[in-house]
Amino acid sequence: MSLLLIAPNRDMNVWKESILEVDPNIDIEIWPKVKHKERVNFAVSWRHPKNVLNGYSNLKAVTSLGAGVNHLLEDEAIPEHVKLARVVTSSLKEQLAEYVLTAVLNYRNHTSRYVDQKREGYWSPHDAISKKDCVIGIMGLGEMGIEAARMLSNNGYSVTGWSKTEKQIDGIETFIYNQLNEFLDETNILVCMLPLTSETQGILNLDVFKKLKKPAYLINVGRGAHLIEEDLIYGIDTGALAGACLDVFEEEPLPSHHLFWNRPKIMITPHIGAVTDPKEAVAQIVENYKRTLSGMDLINQVDKKKGY
Ligand code: NAP
């Protein structure tokens with residue numbers, strides 16, 4: 001029985017040490033130097049290359065290192081019977097909520113314009129965008145979305161939310177699936193905190209941008225493929241949107257020739273909205289490893305039918 005750590009470009013020795021602090025008896029292998037593939041029951045992955053999990057005949061479960069699971073769902077080499085899970089921690093939720101709050105404040109207070117002006121040695125004040133023109137609509141009221149909705153509401157913003165099934169959250173007006181137009185009608189700042197599924201892919205498109213209350217702004221911390229990139233450029237150029245803050249992209253790292261780099265109204269961060277802290281996440285990972293050995297369901301197990 002062993003646990004496989006697999007995450008290109010990350011130092012997985014830190015994760016190994018953290019897991020061993022919780023349970024020193026776990027046998028751990030780190031990809032790509034795997035000695036006994038047949039002994040691996042459980043894998044912990046962050047964006048593993050597709051198909052490298054081929055040939056692990058006793059693999060029973062794979063957990064994502066973070067809250068996103070697309071890299072697992074998109075890998076056809078992971079057999080249907082293998083359970084999937086993800087890591088959700090309170091600091092992950094808090095970090096992402098703080099990212100969204102910061103993006104809202106940067107937009108309202110023209111932070112990136114002042115950064116550009118400082119570089120040019122140019123003094124020019126701009127009126128801050130008033131809070132009443134900043135009704136925030138959160139798409140996706142899951143683990144991340146609810147935390148962000150609460151933080152924004154506690155900071156005095158008017159917040160609404162949209163989800164597949166009905167939600168009741170104090171102080172937040174909620175809409176369901178078939179009320180997208182009503183939700184967009186009331187929203188100035190659209191925040192995408194949806195999982196990437198066949199229903200949500202490309203949901204951030206020109207049609208949606210046009211329906212937003214003006215002034216309108218976009219924050220995407222979901223996944224890059226939620227956004228139709230050319231629609232964002234067109235939406236900004238034609239005034240449907242005042243700008244956007246993006247943490248996730250169709251292709252990451254964002255290629256150096258990409259159109260977004262030269263657009264002053266698009267704020268870019270390199271997928272740092274929330275980063276999993278090994279010390280906080282290992283308890284869940286070890287628990288799920290043990291549950292896998294006992295054939296139990298997992299904590300934060302992914303519903304493969306729903307796709308999140
Ligand atoms: P989650 O707990 O699975 O919640 C997903 C929410 O989206 C749920 O409220 C769900 O509705 C709703 N939803 C799903 N499909 C929908 C549809 N077709 N129409 C309307 N609502 C729909 O997900 P999460 O953990 O909050 O994560 C949200 C996103 O944040 C993911 O894309 C994740 O990858 C991303 N994320 C990004 C970062 C970063 O660093 N940028 C960090 C962490 C997470 P129901 O509740 O009704 O099912």
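**Entry 1: helix H8**

I began with helix H8, residues 229–237, and noted its buried residues as Glu229, Asp231, Leu232, Ile233, Gly235 and Ile236. I keep in mind throughout that this is a predicted model. I then looked up what these buried residues of H8 pack against, and found helix H7 (206–211) together with the strands E10 (217–220), E11 (243–246) and E12 (266–268). Just after H8 I came to glycine 239, for which I noted a positive phi of about 85°.

**Entry 2: the two domains**

I turned to the division of the chain, where domain 1 takes in 2–89 + 276–294 and domain 2 takes in 90–268. Taken over C-alpha atoms, the centres of domain 1 and domain 2 are separated by 32 Å. For the contact between them I wrote down twelve residues of domain 1 and nine residues of domain 2. The two domains bury about 870 Å² between them, and 44% of that area is on carbon and sulfur atoms. Within the area that domain 1 buries against domain 2, Arg47, Asn70 and Thr89 supply 47%, more than any other three residues.

I next asked which polar links cross this interface, and the rule finds seven residue pairs in polar contact and one salt bridge. Sorted by class, the side of domain 1 that touches domain 2 has four nonpolar, four polar and four charged residues. I also noted a salt bridge between the side chains of arginine 47 and glutamate 252, with 3.2 Å from N to O.

**Entry 3: other salt bridges**

I counted eleven salt bridges by this rule. In one of the pairs I looked up, lysine 290 meets aspartate 23, with the closest N and O atoms 2.9 Å apart. Lysine 290 belongs to helix H9 (residues 278–293) and aspartate 23 to the loop between helix H1 (12–22) and strand E2 (28–30), so this pair ties together parts that are 267 residues apart in sequence. I recorded lysine 290 as partly exposed, at 39% relative accessible area, whereas aspartate 23 is buried, at 10%.

Arginine 39 pairs with aspartate 27 in a further salt bridge, where the closest N and O atoms are 2.7 Å apart. Because arginine 39 sits in the loop between E2 and strand E3 (40–45) and aspartate 27 in the loop between H1 and E2, the pair ties together parts twelve residues apart in sequence. Arginine 39 is partly exposed, with a relative accessible area of 33%, and aspartate 27 is partly exposed as well, with 30%.

Finally, I looked at aspartate 133 and lysine 132, whose salt bridge has its closest N and O atoms 3.8 Å apart. Aspartate 133 counts as partly exposed at 25% relative accessibility, while lysine 132 counts as exposed at 65%.

Methods
Residues numbered from 1 in each chain as written. Predicted model: local features only at pLDDT ≥ 70, side-chain atom pairs only at ≥ 80, totals over all residues. Heavy atoms only, no water. Domains from an automatic or database assignment. Contact = heavy atoms within 4.5 Å. Buried area = accessible area lost by both parts, 1.4 Å probe. Salt bridge = Lys/Arg side-chain N within 4 Å of Asp/Glu carboxyl O. Polar contact = N/O pair within 3.5 Å; in protein donor to acceptor, adjacent residues only side chain to side chain. Nonpolar A, V, L, I, M, F, W, Y, C, P; charged D, E, K, R; others polar. Buried < 20%, exposed > 50% of the residue type's maximum accessible area, 1.4 Å probe, protein only. Helix = DSSP H or I, 4+ residues; strand = E, 2+ residues; numbered from the N terminus.
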